[in-house]
Amino acid sequence: MLRRLHSSPRSPRREPGCCTHKRLRPRWRSRLLLLLAATATCAESPRENVLTVSGSALGTEAEVLRTQVARFAAQHPGWEVEIRVTPDAADQRHQLYVQWLNAHAESPDILQLDVVWTPEFAAAGWILPLDAFEPPVDSFFDASIAANHWNGRLYALPWFVDVGMLYWRTDLMSDPPATFDQLTAAAADAQAAGVVYGIVWQGARYEGLVTVFLEFLSGMGGRILNEDGSVALESEEARRALTAMRDQIFRDGIAPEAVLTWQEEQTRFAFQNGRAAFLRNWPYAYALMSDSSESEVAGLFRVAPMPASPAGEPSATLGGAQLAVNAHSRNPEMAYALVAFLTQREQMLERAQVVGQFPSRHALYDSAELAQALAIPPAQARAVIERAVPRPVTPVYTELSAILQIHLHRALTRQQEPDAALGAAAREIRALLERTRLTPGEPAASAAGAAKTDVRPAEEPPPASAADTALHASRVAGEALP
Ligand code: GLC
C-alpha cells in the first residue's frame, strides 16, 4: 500500500516557484490578470536542465505531483522539475495557456490539458505530436485516446479520467434516486427534515456548467451535436434538460439560486459541511469529503450515476486531464519522458490512492490495489468511464462552449426561456461551425480567436487504421465523432 499523503483541502498548499505570482489566489479577475502578467514573464525564461510542468493543485493533487516529480528527478540525475501551479478553474487555466503558447513561450515544457482542449492546441501548433515516442496507446481507454487525436496524430496522453457522479447521503435515504422525479422528491424530503439544500451542482457561467448540462441532456435522451455534426440543441430533450435544471432552482426550490455562481469547490464545501442532500461532482471530491477532520459527512455518503428520465440513460460527462508537450520546449525528449513517467501504472495507482482520481489505463481496473482507492468498485468505475459522454471534439470547442455557457446561464437566471436560449445557442453554434469548418490546409481559428494557424501538418501521415481514418475524416471536417 502506498503512503497516503496529507494536505489541507481548504487551503491547498501552493508550490514555491520562480515567480511571486504563485502566492496569489486566482479567484478574482483582477488577480488573475496580475497572475497572467507575472506568469507570462515567468514562462519565457526556462533554465537549463529544468523541466517545468503545469497543472492543477486541487486538494491533494499538489502533494502527489510533488512526490512524483521528485521521484522522476531522483531517477534522472542532473535534472530538476519545477511545478508551475495554474488556476483550478478550467476556463482560467485555458486563458493562461493561450497567453503563454500564443507567445511561443518555451516553458512550461509539460501542460496539463483538459480533455476538450487537445484538438484546439494541436491545430494551433502549440503541442507536439507524440506518435514518434511510440506511447502504449492500447493501454488507455479508447475514448480518452480518441479525444487526444488531431488529424490522425496523437498529441497528449490521458493522465486521469473524470466522470460526473451523484454524491448522496446515506444517513438521509437508503437508496439513490434513479430518475429526476425521484431526486426531486428525495431532495425535498431531506429539506423538510432540516437539510438546507436538496442538491448542489456547478451552475456558474463556465465550463463546468456545460458538463452538468450534458448530464441532464443525455439523461433526457438528447445530445449537443448529432452524429453528422449538425447541432441538436433545438430538441424536446434539450428543452426538458434545461427546464429541469431551472425548475430545481425556481420551481422546486431544491437547488439554491447560489449554484448559479458556484464551481466545483463551492458545491463540495456545501455538501461536506452537511448542508446538502445531493452533490454532482467529479471523483476528486470523494477522498476529500471522506476525511473526518475536514468533512462533516465523512462515512455518510456514497456515489451513484446521475438520474435519468425513461427516455434517456444515467450519464456521466467524460472529463479529465491529459499531458502534452509544449511545441517550443527546449527539451522535448525529457519532457516526454516525464509525461511517460507520470502516466505509468505506479504513478496512476498512487494518484488514485491519494487523490481518488480514476486512472486512464484500463488494465489497472483489474488490480486489487485500485479497489481500495476508488469511490466505487473498479468494475463499476470502468463501466461508467466506458459509457461516459464526450463533449464535441473540435478545435473550436472553447468557442462552442462559450456560446453554450452564455445561453444556458441566461435560461437558468430566467433572462430567457429555455426554448429561446437553446434556439439562440443553436444558431450561434451553427454559424461558428460554418465559419470555422476545417478542410485540410485551411486556416483554423484558435479558440481564443487570438491566432490564425495553418492546421496542415508538415507531412500528413497515412491514418493507421479504419478507426483512425474515421477519426481523421471527422476531425478534418470539424465534425463531432460518433
Ligand atoms: C474537471 C474535468 C474537466 C472539466 C472541468 C469543468 O476538471 O476534468 O474535463 O472540463 O472539470 O469544470
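User: Let's start with Pro 119. Is Pro 119 buried or exposed?
Analyst: Pro 119 is buried, because 26 C-beta neighbours fall inside 10 Å. One caution: this is a predicted model.

User: And where does Pro 119 lie?
Analyst: In helix α4, residues 118-123. Its C-alpha atom is 8.7 Å from that of Asn 151, a residue 32 positions away along the chain.

User: Step back a bit. How many helices and strands are there in the protein chain?
Analyst: The protein chain has 17 helices and 14 strands. It runs to 482 residues, and 54% of them count as buried.

User: What about contacts in the protein chain?
Analyst: Take the contacts with a separation of 6 or more: 72% of them are between residues 24 or more positions apart.

User: Now the ligand. Which residues are around it?
Analyst: Ala 90, Asp 114, Val 115, Asp 162, Glu 207, Gly 208, Thr 211, Trp 282, Gly 319 and Gly 320. By class, three are nonpolar, four polar and three charged.

User: Which element gives the most to that shell?
Analyst: Helix α7, with three residues. Both α7 (207-219) and β11 (318-325) supply at least two.

User: OK, sheets. What is the strand order in the sheet of six?
Analyst: The order is β2-β1-β3-β11-β6-β12. This sheet is open, and its pairing is mixed. The edges are β2 (80-85) and β12 (358-359). Each has a single partner strand, so one side of each has no neighbour in the sheet.

User: Remind me, what holds paired strands together in a sheet?
Analyst: Backbone hydrogen bonds, in either a parallel or an antiparallel arrangement.

User: And the sheet of four strands? What is its order?
Analyst: β8-β9-β7-β10, open again, with mixed pairing. β8 (197-200) and β10 (301-304) are the edge strands, each pairing on one side only. From one strand to the next, the twist averages 20°.

User: How many bridges join β7 to β9?
Analyst: Four, and the two strands run antiparallel. β7 covers residues 165-169, and β9 covers 276-281. Leu 166 stands opposite Arg 280 in β9.

User: And β7 with β10?
Analyst: β7 and β10 are antiparallel as well, over four bridges. There, Arg 169 stands opposite Phe 301 in β10.

User: Which side chains of β10 are buried?
Analyst: Phe 301 and Val 303, which point to one face.

User: Which strands does helix α9 lie across?
Analyst: β7, β8 and β9. Helix α9 spans residues 264-272 and runs at about 150° to β9.

User: Switching to loops. Where is Ala 178 found?
Analyst: In the loop between β7 and α6 (180-192). Ala 178 counts as partly exposed, because it has 14 C-beta neighbours inside 10 Å. Its C-alpha atom is 8.1 Å from that of Pro 305, 127 residues away along the chain.

User: What about phi at Asn 49?
Analyst: Positive, about 55°, although Asn 49 is not a glycine. Asn 49 is in the loop between α1 (29-43) and β1. It has 12 other C-beta atoms within 10 Å, so it is exposed.

User: And Glu 134?
Analyst: Glu 134 also has a positive phi, near 50°. Its loop lies between α4 and α5 (142-147). Glu 134 counts as exposed, because it has 7 C-beta neighbours inside 10 Å.

Conventions:
Residues are numbered from 1 along each chain as its sequence is written. This is a predicted model: local features need pLDDT of at least 70, side-chain atom pairs count only at pLDDT 80 or more; totals for chains, interfaces and linings use all residues. A residue is near a molecule or strand if its C-beta atom, placed from the backbone, lies within 6 Å of it. Ala, Val, Leu, Ile, Met, Phe, Trp, Tyr, Cys and Pro count as nonpolar, Asp, Glu, Lys and Arg as charged, and the others, Gly among them, as polar. Two strands pair if DSSP finds at least two bridges between them. Axes are lines fitted to C-alpha atoms, for helices over the stretch in contact, and angles run from 0 to 180 degrees between N-to-C directions. Two residues are in contact if their C-beta atoms, placed from the backbone, lie within 7 Å. A residue is buried if 20 or more other C-beta atoms lie within 10 Å of its own, exposed if 12 or fewer, and partly exposed in between; C-beta atoms are placed from the backbone.
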